[in-house]
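Please study the sequence and the three-dimensional structure shown below.

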Amino acid sequence: MTDLVRALAEASQVLYREAMYVDAQRWDEWLGLFTDDCEYWLPAWRGEHELTANPKREISLIYYGTRAGLEDRVWRIRSGQSIASTPMPRTTHTVHNILVEDVAEDSMTVLSTWTAHCFFHKLNASEVFFGDYRHSLRKTADGWKIARKYIVLKNDYVPTMLDIYNI
């Protein structure tokens, strides 16, 4: 097996697990896929074809500079303190067109496209969100972890709430 084929297989497993854990609301396992110093970023659109470029100076739809932010978000979801997330929507994520952009011994950058189907109980409505992912993975003693997740939401007119489980 070539290095690129092996990297693609390993990266695909991380991305598929991430989608599966979110859909099953297996939050501890989902958080376990991220490094402590990870960045999780969903920038806003500045114009028709331009995204914001700096999460610390411009608007983002979602931004967490470390895993602690993700942990706090999960705590709010679990505790019921996120009224918008109660009840939790049913979701199904699919990850497509996975491409390893570059790979080194202990890191790789992975591009993919995604779709998330969400059913919102309160509204008796379904929505589909879709876009692109750019994952930066880092090899750790526990295997490949997500060091950075950059999400582009292509249909950013959001008719209801948007959260980590929608993207």
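How many residues lie between β5 and β6 in the hairpin that they form? There are 2 residues between these strands. The model under discussion is predicted, and every value given here is computed from it.

The pairing of the strands may be considered next. Strand β6 covers residues 143-153, and it pairs with β5 in the antiparallel sense over 10 bridges. Within this pairing, Arg138 stands opposite Lys145 in β6. Strand β5 also has β4 as a partner: the two run antiparallel and are joined by 14 bridges. One example is Thr109, whose bridge partner in β5 is Ser136. Like β5 and β6, which form a hairpin, β4 and β5 form a hairpin, with 4 residues between them. In the turn of the β4 and β5 hairpin, Asn124 has a positive phi of about 50 degrees. As a general point, the side chains of a regular strand alternate between the two faces of the sheet.

The whole structure contains 8 aromatic pairs. In one of them, the ring centres of Tyr40 and Tyr64 are 6.4 Å apart and the planes meet at 50 degrees, so this pair is tilted. Because Tyr40 belongs to strand β1 (residues 34-43) and Tyr64 to strand β2 (residues 60-64), the pair ties together parts that are 24 residues apart in sequence. Tyr40 has a relative accessible area of 0% and is therefore buried, the cut-off for this term being under 20%.

Another pair is formed by Trp114 and Tyr133, which are stacked, with 5.3 Å from centre to centre and 15 degrees between the planes. Trp114 lies in β4 (residues 107-120) and Tyr133 in β5 (residues 125-140), so this contact ties together parts 19 residues apart in sequence. Both partners are buried: Trp114 has a relative accessibility of 1%, and Tyr133 has a relative accessible area of 6%. Tyr133 has a charged neighbour as well, since the charged end of Lys149 sits over its ring, 4.3 Å from the ring centre.

Tyr40 and Tyr64 also belong to one aromatic cluster, together with Trp27, Trp30 and Phe34.

Finally, the cysteines deserve attention. Cys38 is buried, at 0% relative accessibility, and Cys118 is buried as well, at 2%. The structure has 0 disulfides, where a disulfide requires two cysteine sulfur atoms within 2.5 Å.

Methods: Residues are numbered from 1 along each chain as its sequence is written. This is a predicted model: local features need pLDDT of at least 70, side-chain atom pairs count only at pLDDT 80 or more; totals for chains, interfaces and linings use all residues. Side-chain values use heavy atoms; hydrogens and water are left out. Buried means under 20% relative accessible area, exposed over 50%, partly exposed in between (1.4 Å probe, protein chains only). Rings of Phe, Tyr and Trp (its six-membered ring) pair if their centres lie within 6.5 Å; planes under 30 degrees apart count as stacked, over 60 as edge-to-face and the rest as tilted. A charge sits over a ring if NZ of Lys or CZ of Arg is within 6 Å of the ring centre and within 35 degrees of the ring normal. Two strands pair if DSSP finds at least two bridges between them.
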